[in-house]
Amino acid sequence: MSASRPTPQARGSYPVFRTITTRWMDNDLYGHVNNVVYYSWFDTAVNAYLIEQGALDIHHGATVGFVVETQCNYFAPLAFPQTVEAGIRVAEAGRSSVRYEVGLFAAGAPQAAAQGHFVHVYVDRATQRPVPLPDALRRVVQALTSSSSP
């Protein structure tokens, strides 16, 4: 376990937001969203944004992203029927990898209810070997990196 617990980030720490609608099935027996759903939201928020920006073609693109690391910290519960706003930023980008950070906020809340990250390694679809980030992806990643202020 980490010696110091992270604190929730403010909404202004994320340059881009995507809205996520919770579903009845997201709640667990305890009446809040189950932890595994948060990871799905991370993936959905980032990939939807990349697709919208023309940086990712999940059906025909030569490059695909594999998740190689993920982590989440929870600060406050979220539950159906809340609307969730996912803030997205890039913490670092390498030759073939990107660390995306995501904050999950109850609609309009000033601080994250949960936040975490995942690392994508981008690979050639056919060979599944790492490749340099394509130009379109690098441009989007650069914008999310330079706009970020953790």
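Which helix does E52 lie in? E52 lies in helix α1. Helices here are DSSP runs of H or I with at least four residues, strands are runs of E with at least two, and both are numbered from the N terminus.

This is a predicted model, where local features need pLDDT of at least 70, side-chain atom pairs count only at pLDDT 80 or more, and totals for chains, interfaces and linings use all residues. Residues are numbered from 1 along each chain as its sequence is written, and side-chain values use heavy atoms, with hydrogens and water left out.

E52 counts as exposed, at 51% relative accessibility. E101 is buried, with a relative accessible area of 13%. The cut-offs are under 20% for buried and over 50% for exposed, with partly exposed in between (1.4 Å probe, protein chains only). E101 lies in strand β4, residues 97-106.

Both residues make polar contacts through their side chains. A polar contact is a pair of N or O atoms within 3.5 Å; within protein, one must be able to donate a hydrogen and the other to accept it, and residues adjacent in sequence count only if both atoms are side-chain atoms.

| Side-chain pair | Polar contact |
|---|---|
| E101 and R89 | 2.7 Å |
| E101 and R99 | 3.2 Å |
| E52 and R18 | 2.6 Å |

E101 also touches other residues, among them Y14, G87 and H117. Contact means heavy atoms within 4.5 Å.

**The largest pocket**

A pocket is an open set of points on a 1 Å grid over the protein atoms alone, with protein on both sides within 12 Å along at least five of seven lines; lining residues have an atom within 4 Å of a point. Its volume is about 180 Å³. That volume is the space filled by probe spheres set on the points, which are joined across faces, edges and corners. β5 gives the most to the lining, with three residues.

**The nonpolar core**

The largest nonpolar core has 34 residues. Such a core is a set of buried Ala, Val, Leu, Ile, Met, Phe, Trp, Tyr and Cys residues joined through side-chain atoms within 4.5 Å. Helix α1 supplies the largest share, eight residues. Those with the most contacts inside the core include W41, L50 and Y100. L50 touches Y100 and L137, among others. In soluble globular proteins, nonpolar side chains tend to be buried together.

Methods: 1 Å grid on protein atoms, 1.4 Å probe; cavity = no way out; pocket = protein on both sides within 12 Å on 5 of 7 lines; lining within 4 Å. Lists of a residue's contacts leave out its neighbours within four places in sequence.
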